[in-house]
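I opened this entry to keep track of what I looked up. The notes follow the order in which I went through the model.

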Amino acid sequence: MKRVLPVLLAIGLAGCTSTTPERPQLRASGSDQSQVRAQETLRQLTFDEKIGLISGKMLSFVPAAKRPPGVTLGAGWVAGVERLGVPALVETDASLGVSNLLQMREGDVATQLPSGLALASTWNPDLIHRGGQMIGSEARAKGFNVMLVGGVNLVRDPRAGRNFEYLGEDPLLAGALVGAQISGVQSNDLIGTIKHFALNDQETGRNVHNVVMDEAPMRESDLLAFQIGIERGKPASVMCAYNRVNGRYACENDFLLNQVLRKDWGYDGFVMSDWGAVHSSEAILAGLDQQSGDQIDQKRWFSTEMTPKVQSNAIPISAVDQAVSRILTAIYRQGLDKWSTAERADIPYSANSQVALQAAEQGIVLLRNENNLLPLNNDVRTIAVVGRDIDKGVLTGGGSSQVVPVGGFKVYEVAGTGPAKLFARRGVGGTAPLQALREAMPGATVMFSDGADPAAAAAAAAKADVAIVFAEKWATETNDHADLSLEDGQDALIQAVAQANPRTVVVLQTGNPVLMPWLDQTPAVISAWFSGQRGGEAIAKVLTGAVNPSGHLPITFPASLDQLPHRVLPGSDAPRADAETRAVYGVQAGTKPFDFGYPEGSDAGYRWYDAKGFKPLFAFGHGLSYTRFSQSGLKVSGGQRLTIGFVMTNEGERSGADVAQVYVSRRGKAKRLVGWKRADLAPGQSAQAEIAVDPRVVADFDTTLRKWVVPAGTYTVELAHSATQVAATRTVKLDRMEIAP
Ligand code: BGC
């Protein structure tokens, strides 16, 4: 008999939206008492103390003897005011754990979570919140009080090198998840920073490129992800991005910072710059409050350069005061003054690693499983396992987010020039898939080859019951991929192994989707992303069925580059920066400045495929399980408030988790994800879910009315297993709704 869970599953918990048409309050948590205190402190500050608060340093660039004593080296540091009890800000990157590789903390380790795309594949805000709590607690124990987390730039191009850090292509999914992450981090009395505001969706030319985009599509996509993330996570800080948007640098963009963020969204935290993203002192008038790591900007715009400008009234002192008061408010509101970064605490790494394991287990996506080749069962006596470094650990993405995991890892320098050279560290660590598989299948003989010799790998595969090829495509901040192909002959390696053994499984360790010219020959494919420090175990558990895979793609896998809005990645063909360009645009300018637009507009990712009628290789939302789920009982009510109810049932023999998705479309418009429910279900068990749709997700942004508008009319509601696999459809009439921006 099927059991129905007695209560309606709470939508907020499941990550589905429940926002009413009123604009939600964007102000950070805490009473206005912090603003009052900020004003009191402000009155007592000297001019130099104010300048100290608005200008940050990279301590790693400061000679050791001149560094403030007892401060942990991280991405940045901002002087406090000791005499008034204002703590210094000690900043670290932290999207995937407390990062430590680039920060010159030799020997330091931290719990390393899977990549952002893996986290997003869980569609599980509760788990991501716990990950955030864990990261915040480790950061605090190490002496940090500002966390540069989380990144919510939308994935628009699957070649973008930093996608692995972000949370996918959908504004609702990414916004809800980043909000969960930030609120987890900030629960440790810390400042969290949502980033990179806005439209820094690719790395190529990130310091010089100019995104040309109308306001409406911007609001309906990238900005909506930030808006939702800020509402839910209440980050005390926003980090503005490197690039330009409609001609203005994001960190001196009045439209983004003063109009959208502050005026429309009512945000009253502070804005810090990305490192090396400031180009003038006047940025303070456009809404920037703090210059981060000012040694890597062309000038110390908020200190050395600011002082004479304020003295001559070119920049009013009120602008400095306003910035200082926002920073102080955040400090008091988050309770940074209640503890000292000089305190250190022991970190329960073993307990903390549980969240890394769960995230890896839930983030792995089973893409294909013909004839139920997986999970491997007891009949499998010999396995040929092939793959580079899988005897050493799993792969991690490069850049400022990189975390040396507990247990350490092996770092390979990768070819790169300029800033890319700094970030070009291919790290391999955590639990090794090979050993984990051997432990998970003690009765089987597991042969291993690193794949350098495809003929030898194929010969081993020919003798085995099953072959497993691990393929990788490493990714890093600052570098976009030239294409979506596996490098170094890995396609040929997979083909050779699959030809030798038709029972071949491919495990992908990538920061992005890849093309799969061998797909027809490989009955099973798993995307493990960069799976974090317990990744090897999680992969082995999924392969053997100890864990039933439940990850769903937060990003579309294209069938070819021709399906992408840009056949050629913008700027990848732009001339390299010459000395003169670098002198004007800074040391990080990799190319000469270039402009580009996004032909897909607000329809990033699956919406573009829907609008164009393209069939992707694997759709957004796709993810298989070792059990079968049905989705039924779709009920929809409209009018002034769109609510959607449905039932999910595990029809199979194994426990598992389903992620039911709801998409809404209207005539002439691409479908949009409006909510989802992730439910753990025993065999035969059902769960009910109800989604109250945030109307902004289905609305148009009307730039004349300066409001969101849901046009009256008929809408199609789909209950679905993925963006392309629909279980049930209903139509519903909605009244016109107008919602504040
Ligand atoms: C990145 C930011 C990071 C900062 C500090 C920059 O390169 O874009 O995400 O927070 O460095 O490490």
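This is a predicted model: local features need pLDDT of at least 70, side-chain atom pairs count only at pLDDT 80 or more; totals for chains, interfaces and linings use all residues.

**Entry 1: cis peptide bonds**

I looked up Gly 150 with that term in hand. Gly 150 sits in the loop between β4 (146-148) and α6 (171-186). A cis peptide bond links Val 149 to Gly 150. Its omega is about 5 degrees.

I found another cis peptide bond between Lys 195 and His 196. Here omega is about -5 degrees. His 196 belongs to strand β5, which covers residues 191-197.

**Entry 2: the ligand**

Which residues come nearest to the ligand? I noted Asp 93, Arg 162, His 196, Asp 274 and Glu 477, out of 13 residues around the ligand. I then sorted the shell by residue class. Five residues of the shell are nonpolar, two are polar and six are charged.

His 196 comes up again here. An N or O atom in the His 196 side chain lies 2.6 Å from an oxygen atom of the ligand. For Lys 195, its partner in the cis bond, I read 3.0 Å between a side-chain N or O atom and a ligand oxygen. The side chain of Tyr 242 also has an N or O atom 3.1 Å from an oxygen atom of the ligand. How much of the ligand does the protein bury? Taken alone, the ligand exposes 310 Å², and the protein buries 94% of that.

**Entry 3: the nonpolar core**

I turned to the largest nonpolar core. It has 148 residues. Ile 54, Phe 197 and Ile 644 have the most contacts inside this core. Which helix gives the most to it? I found helix α11 (residues 317-333), with nine residues. The core takes at least three residues from domain 1 (3-8 + 623-739) and at least three from domain 2 (33-338).

Phe 197 is one of the residues I want to remember, as strand β5 (residues 191-197) ends at that number.

**Entry 4: positive phi**

Thr 478 has a phi of about 80 degrees. I placed Thr 478 in the loop between β17 (466-473) and α16 (490-500). Is Thr 478 buried or exposed? Thr 478 counts as buried, because its relative accessible area is 15% and the cut-off is under 20%.

Arg 706 has a phi of about 55 degrees. Its loop runs between β26 (700-702) and β27 (707-710). Arg 706 has a relative accessible area of 33%, so it is partly exposed.

**Entry 5: two buried residues**

I looked up Ser 237 in strand β7 (residues 237-240). Its relative accessible area is 0%, so Ser 237 is buried. Where does its side chain reach? I traced it to the backbone oxygen of Phe 270, at 3.3 Å.

Pro 513 was my last stop. It lies in the loop between β18 (504-510) and β19 (524-527). Pro 513 is buried too, because its relative accessibility is 0%. I also checked Pro 513 against Lys 473. They are 40 residues apart along the chain. Their C-alpha atoms are separated by 9.2 Å.

Definitions and conventions: Residues are numbered from 1 along each chain as its sequence is written. Side-chain values use heavy atoms; hydrogens and water are left out. A residue is near a molecule or strand if one of its heavy atoms lies within 4 Å of it. A polar contact is a pair of N or O atoms within 3.5 Å; within protein, one must be able to donate a hydrogen and the other to accept it, and residues adjacent in sequence count only if both atoms are side-chain atoms. Accessible areas come from the Shrake-Rupley method with a 1.4 Å probe; for residues, only the protein chains shown count as cover. Ala, Val, Leu, Ile, Met, Phe, Trp, Tyr, Cys and Pro count as nonpolar, Asp, Glu, Lys and Arg as charged, and the others, Gly among them, as polar. A nonpolar core is a set of buried Ala, Val, Leu, Ile, Met, Phe, Trp, Tyr and Cys residues joined through side-chain atoms within 4.5 Å. Buried means under 20% relative accessible area, exposed over 50%, partly exposed in between (1.4 Å probe, protein chains only). Helices (H or I, at least four residues) and strands (E, at least two) are DSSP runs, numbered from the N terminus. Domain bounds come from an automatic or database domain assignment.
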